[in-house]
Amino acid sequence: MTILENKRFDEERALYGSRDLVLRNSAFDGPADGESALKESRGITLENVFCNLRYPFWHDHALTLRNCELTALCRAALWYSEGVRITNTKLHGIKALRECSDVTVEDCDIDSPEFGWSTRGIAMRRTTASSEYFMLRAERLRFSDVHLTGKYSFQYITDGVFENCVFDTKDAFWHAKNVTVKNSVLKGEYLAWYAEGLTLEHCKIIGTQPFCYCRGLKLVDCEMVDTDLCFERSEVEATITTPVVSIKNPYAGRICVPAVGEVIRDDENAVGEVVVCPDGGKEKPHACACA
């Protein structure tokens, strides 16, 4: 194991192909403006390292970042790498993570458009993120205590579990497959259109026109706030604990709500059942009103 401390590198491919290296209290920065500092490396640990140059961690294996800062100039920092552990780190460059596998992100601050594209097997915990097109086409996601702001998040993802999260992001979960969200807040317009196998448990949903064109959609004891034109052309089983502004043309299934302002039926193929139960469906079926 090689240990380097208090170093500064700015040349092209400064530590290319390194093996079993620990780098502490150092920086990739300087006038030479070199790229790809640790490309094609293995067994690398960085602690308190300032990264201000492009493409530092491509095709790496067994990479650990602790207490590091990747600036806005550190573009496309982690691509095509596997076995990545990132803790207490600022990820502030565009496209910071892409085409990586077996990734853990904990206690981090992410400000990175197009973050996480096509990543496979990512766990994220106690992290804040600001991004557009966050996690596009990613697979096998496990998120907990993540606070996200942005647009077009989690589109085309597969096999995800999200717990105790807050997502303020429009057009989220479009075309998502086999995803479960628990005890979370989802705020934004046009949530989860075209999703398949999406389950939400004890969540709060805020915003216009959620859950249209869905298949295999399930909501368990969820709140819906300022939600109108919900469930259009969707196959859905839902128990909602708050009044809904309007429901439009659910194609199949059963939706139980304590109150609904309007049920719109102008499509003869929309035969999904809307059941109004003031107690949230705990009454016997004959005491509830169908709309």
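## Aromatic cluster

Phe 115, Phe 134, Phe 143, Phe 154, Phe 162, Phe 167 and Phe 173 are joined into a cluster by ring pairs. Rings of Phe, Tyr and Trp (its six-membered ring) pair if their centres lie within 6.5 Å; planes under 30 degrees apart are stacked, over 60 edge-to-face, and the rest tilted. The model is predicted: local features need pLDDT of at least 70 and side-chain atom pairs pLDDT 80 or more, while totals for chains, interfaces and linings use all residues. Residues are numbered from 1 along each chain as its sequence is written, and side-chain values use heavy atoms, without hydrogens and water.

The whole structure holds 24 aromatic pairs. One of them, Phe 134 with Phe 154, is edge-to-face, with 5.5 Å between centres and 80 degrees between planes. Phe 134 lies in the loop between strand 14 (120-132) and strand 15 (139-151), and Phe 154 in the loop between strand 15 and strand 16 (158-163), so the pair ties together parts 20 residues apart in sequence. Both Phe 134 and Phe 154 are buried (under 20% relative accessible area; exposed is over 50%, partly exposed in between; 1.4 Å probe, protein chains only). Strands are DSSP runs of E, at least two residues, numbered from the N terminus.

## Salt bridges

There are 19 salt bridges, each a side-chain nitrogen of Lys or Arg within 4 Å of a carboxyl oxygen of Asp or Glu. Arg 54 meets Asp 33 at 3.3 Å, N to O, and Glu 35 at 3.0 Å. Arg 54 is buried at 19% relative accessibility, whereas Asp 33 is partly exposed at 35%.

Terms used. Helices (H or I, at least four residues) and strands (E, at least two) are DSSP runs, numbered from the N terminus.
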